[in-house]
Amino acid sequence: MKQIFYLWLITTALLSVNTAYANEAKEIKLQINNTVMIVNGENKNIDDSGTSPVILNNKTFVPVRAIIEAMGGKVDWNEETNTIILKMNNDEIKLVINSSIAYFNGEEKQMETSPVIINERTMLPIRFVAEIFGFNVNWIDTNSTIIINKYMEETTMRDTADEEHGAAELLYQGQASIRIVTDEGKVIYIDPYAGNGYDMPADLILVTHGHFDHNGLNKIQNMNDGCKIITQNEAIKNGEHQIFDLGYVKIEPVEAGFNSLHSVNDCVGYVLTFSNGKSVYVTGDTSMTEQMSEMKDMQIDYAFYCCDGVYNMGLEEAAKCAEIVGAKHNIPYHLTASSDKTYDRSLAEKFNVPNLLIVDEGKEIMIK
């Protein structure tokens, strides 16, 4: 049952004119404390500074610039009058800081709340804005998700699920640990060790090598009947990488290692291809491998690169690997060499690659 809630927009206090997205979004999904939004099914960073929706005083705040521009509009800021100007097609909304009066195409409108500046960011009431511009706003309480639709009269959770048919849901747990739930409901754990989210019974467990911070099988609370465990020992047989097609996912082990602490004979990475045809590559612990020069032909969608720079390659070498592999989205992980710290956002932001996608520890993305 949908709860009644106030939904707000957040943007930088000093906004400049920016070019609207070339392709207008019909749907945007955002999740509380997640810096990634899903625009027409594609994962995108909300902005370069790590902005994410948050709940403050029982109200939800989401970023206005990314949303309005993704929907094909523009956002301007008039510093002299403290006015935010939102433009969509031929319509315009003007809002003034600390005033509950808005102007839609010059006509005065009364809002329940007024825009304010908090921590140098401007807060706007999205419910008011969305309804005037013809958007639909929905809240899914089970996963704290905000769904904003354009050109749709009604949105239901079932409609949303239908649109996402075939997409897998990936949770980054920290370090090299990842949980994936496929569209078929199969649960996959990769290199279990860090973070939370091990309560779902496993159908498949992938281990890249035997080090303790990649091989914490005891973290997984339950396994379904027939749960398959693939480690480097099963992935490499007689010096050859094996391929496993389980129906709901195809697993292709690839080379990993190539440094003094990780032998290519005892380590693997994995490329997983799901029923919707989308693929995820996890490097495991490695430096640049010989096989990477051949992987561009695999047309990988999401690639996770280890970047700790102590036991494995660092950010610079990982960036070169990303250029060679040519995935559509490049994600840094295994960023630290400390057992006390399983993620470092500041290091993730230094991963200088095209198509950078930052997935913070404990956050989810859709693989589509």
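Me: Two strands count as paired if DSSP finds at least two bridges between them. In this predicted model, how many bridges join strand 7 to strand 8?
Reply: Let's start by finding the two strands: strand 7 covers residues 74-78 and strand 8 covers residues 83-88. They run antiparallel, and Val 75 stands opposite Leu 86 in strand 8. The number of bridges joining strand 7 to strand 8 is 5.

Me: Which residue in the hairpin of strand 7 and strand 8 takes a positive phi?
Reply: Look at the turn of this hairpin, where 4 residues lie between the strands. The phi in question is near 55 degrees. The residue that takes it is Asn 82.

Me: Which residue of strand 24 is the bridge partner of Phe 244?
Reply: Now move to the open sheet of 6 strands, with the order 23-24-25-26-27-28 and mixed pairing. In strand 24, the bridge partner of Phe 244 is Ile 251.

Me: At about what angle does helix 5 run to strand 27?
Reply: Helix 5 takes in residues 315-325. It lies across strand 26 (279-282), strand 27 (302-306) and strand 28. Its angle to strand 27 is about 155 degrees.

Me: Is Val 310 buried or exposed?
Reply: You'll find Val 310 in the loop between strand 27 and helix 5. Together with Leu 261 and Tyr 311, Val 310 makes a nonpolar surface patch of about 290 Å². Exposed means over 50% relative accessible area. Val 310 has 54% relative accessibility, so it counts as exposed.

Definitions and conventions
Residues are numbered from 1 along each chain as its sequence is written. This is a predicted model: local features need pLDDT of at least 70, side-chain atom pairs count only at pLDDT 80 or more; totals for chains, interfaces and linings use all residues. Side-chain values use heavy atoms; hydrogens and water are left out. Contact means heavy atoms within 4.5 Å. Axes are lines fitted to C-alpha atoms, for helices over the stretch in contact, and angles run from 0 to 180 degrees between N-to-C directions. Patches are made of residues with over 30% relative accessible area and no salt bridge: like charges are joined within 9 Å, nonpolar side chains (Val, Leu, Ile, Met, Phe, Trp, Tyr) within 5 Å. Accessible areas come from the Shrake-Rupley method with a 1.4 Å probe; for residues, only the protein chains shown count as cover. A salt bridge is a side-chain nitrogen of Lys or Arg within 4 Å of a carboxyl oxygen of Asp or Glu. Buried means under 20% relative accessible area, exposed over 50%, partly exposed in between (1.4 Å probe, protein chains only).
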